[in-house]
Amino acid sequence: MHERGHPFPAGFLWGAATSAYQIEGGWDADGKGPSIWDHFSHTPGRIAHGETGDVACDHYHRFREDVALMRALGLHAYRFSVNWPRVLPDGDGAINEAGLDFYRRLTDALLEAGITPFVTLYHWELPLALHRRGGWLNPETARAFGALADAVTRALGDRVSHYITLNEPQCSAFLGYGNGLHAPGCQADTVTQAAAAHHLLLAHGHAAQAVRANLGGRAQLGLASTGRVCYPSRNTAEHRAAAYEAMLLRDPGAPFTHSWFLDPAVLGRYPDPERLPAELADFTAAVPPEEMDLIRQPLDFLGLNLYNGDEVGPDGVRVPRPTGAARTALHWSVSPQSMRWAVTFLHERYHLPLYVTENGQSCDDRIFLDGAVHDPDRIDFTARYLMALREAVDDGVPVRGYFHWSLMDNFEWNSGYGERFGLVYVDYAHAQRRIIKDSGRWYREVIAQNGANLPV
């Protein structure tokens with residue numbers, strides 16, 4: 001039997017997260033323009049089983065019911081994204097007030113329920129019109145994103161203080177323009193991917209300026225990053241240094257590294273050119289200083305999206321996982337210590353408070369004969385990661401909150417609806433009914449006790 005633990009610090013924020021394309025549906029409703037994901041999912045062969053986000057969880061029409069579920073779960077905060085072409089159908093220019101009004105109504109419903117909104121300005125919903133003008137390979141897209149940030153914060157800034165500019169720009173650049181697994185499905189060379197990444201960073205700079213201009217000192221602004229996480233096989237100075245090096249300094253230009261995006265955004269420079277391939281070193285050397293000044297904007301926090309990581313030894317080399325080691329339904333490793341060391345190393349390098357903006361696991365959930373959805377795997381996974389997070393907090397790492405991914409089952413990008421990450425089950429085949437899973441009830445108790453019920 002595990003002993004009962006101790007709570008997280010007073011004021012720790014407990015939430016859940018979603019993104020627009022994954023849950024909203026209403027893909028062409030009320031003047032919304034198409035996004036790259038609308039186009040991508042309508043292209044045969046791109047998504048498992050030919051599925052699309054056209055309806056998804058129909059959150060666009062059912063958001064009040066979903067806010068009531070959030071309240072039933074006891075959430076303190078809810079992270080959602082703005083669907084860019086719902087607000088600006090052509091990417092820039094005329095605002096679609098009907099689309100913007102959806103986010104006003106959602107925000108009001110959250111506040112009425114006592115839930116703090118965290119708005120992600122970009123979770124991959126690039127307007128198709130901008131893609132046809134070059135997308136993230138065109139620097140004008142970065143300026144257009146500044147216009148989106150301005151429109152959203154003018155509409156919501158009196159009620160919403162917390163904004164995340166970009167979600168996982170690593171995925172936008174490298175899955176969208178590298179292997180083509182995600183929209184817009186391009187397969188390009190390393191330098192082209194770096195150009196997309198650079199324009200995403202410029203977009204972050206433009207958006208950060210717009211948020212600050214409209215909110216002033218009330219703004220709480222961050223960037224949600226993902227990437228390779230390494231953790232030490234033993235908690236010694238030698239092992240910690242090796243894991244830090246492997247996570248943040250080795251191959252910094254490789255896809256899915258935190259440093260490729262966070263070094264420019266926070267430190268105002270790209271990673272050490274001596275550690276980069278020649279073509280990337282040349283690329284970074286050619287960046288004008290004024291562009292780095294735009295990219296480096298004051299941030300109030302970093303967001304971390306984390307699902308797994310690699311154990312490394314004192315030589316920084318990955319330790320092979322044991323035969324039969326635990327995996328999720330997506331075959332991602334279960335590696336709770338990655339949570340402790342990810343927040344520790346990110347704070348050590350960037351000296352900013354953190355929120356865990358995504359963490360969770362896909363399970364093969366189903367409705368049991370008793371009508372309930374039992375998901376002990378998710379409960380065990382989340383408890384282990386939260387226990388590891390508490391270790392980092394106890395060490396003094398300023399983690400301000402945790403957002404479970406996801407509030408509800410949803411469209412899991414190229415996997416379609418085959419993966420279920422939610423605390424709430426969505427029965428797509430039967431009128432989209434929602435069922436709070438066992439994990440949702442368990443998470444409600446974690447929130448109520450501020451984590452004190454987690455074992456040690």
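Started with Cys-186: it is partly exposed, with a relative accessible area of 25% (buried is under 20%, exposed over 50%, partly exposed in between; 1.4 Å probe, protein chains only). I note that this is a predicted model, where local features need pLDDT of at least 70, side-chain atom pairs count only at pLDDT 80 or more, and totals for chains, interfaces and linings use all residues. Residues are numbered from 1 along each chain as its sequence is written, and side-chain values use heavy atoms, with hydrogens and water left out.

Next, sulfurs. I searched the whole structure for disulfides (cysteine sulfur atoms paired within 2.5 Å) and got zero. For Cys-57, the nearest cysteine sulfur belongs to Cys-363, 16 Å away. Cys-57 counts as buried, at 0% relative accessibility. For Cys-186, the nearest one is that of Cys-171, 15 Å off.

Then Thr-165. I found it in strand S4, residues 162-167 (strands are DSSP runs of E, at least two residues, numbered from the N terminus). Thr-165 is buried at 0% relative accessible area. Its side chain makes a polar contact with the side chain of His-204 at 2.7 Å (a pair of N or O atoms within 3.5 Å; within protein, one must be able to donate a hydrogen and the other to accept it, and residues adjacent in sequence count only if both atoms are side-chain atoms).

Last, the cores (buried Ala, Val, Leu, Ile, Met, Phe, Trp, Tyr and Cys joined through side-chain atoms within 4.5 Å). The largest nonpolar core has 142 residues, and Trp-84 and Tyr-122 are among those with the most contacts inside it. I also logged a second, separate core of 12 residues, including Tyr-307 and Trp-405.

Conventions
Helix = DSSP H or I, 4+ residues; strand = E, 2+ residues; numbered from the N terminus.
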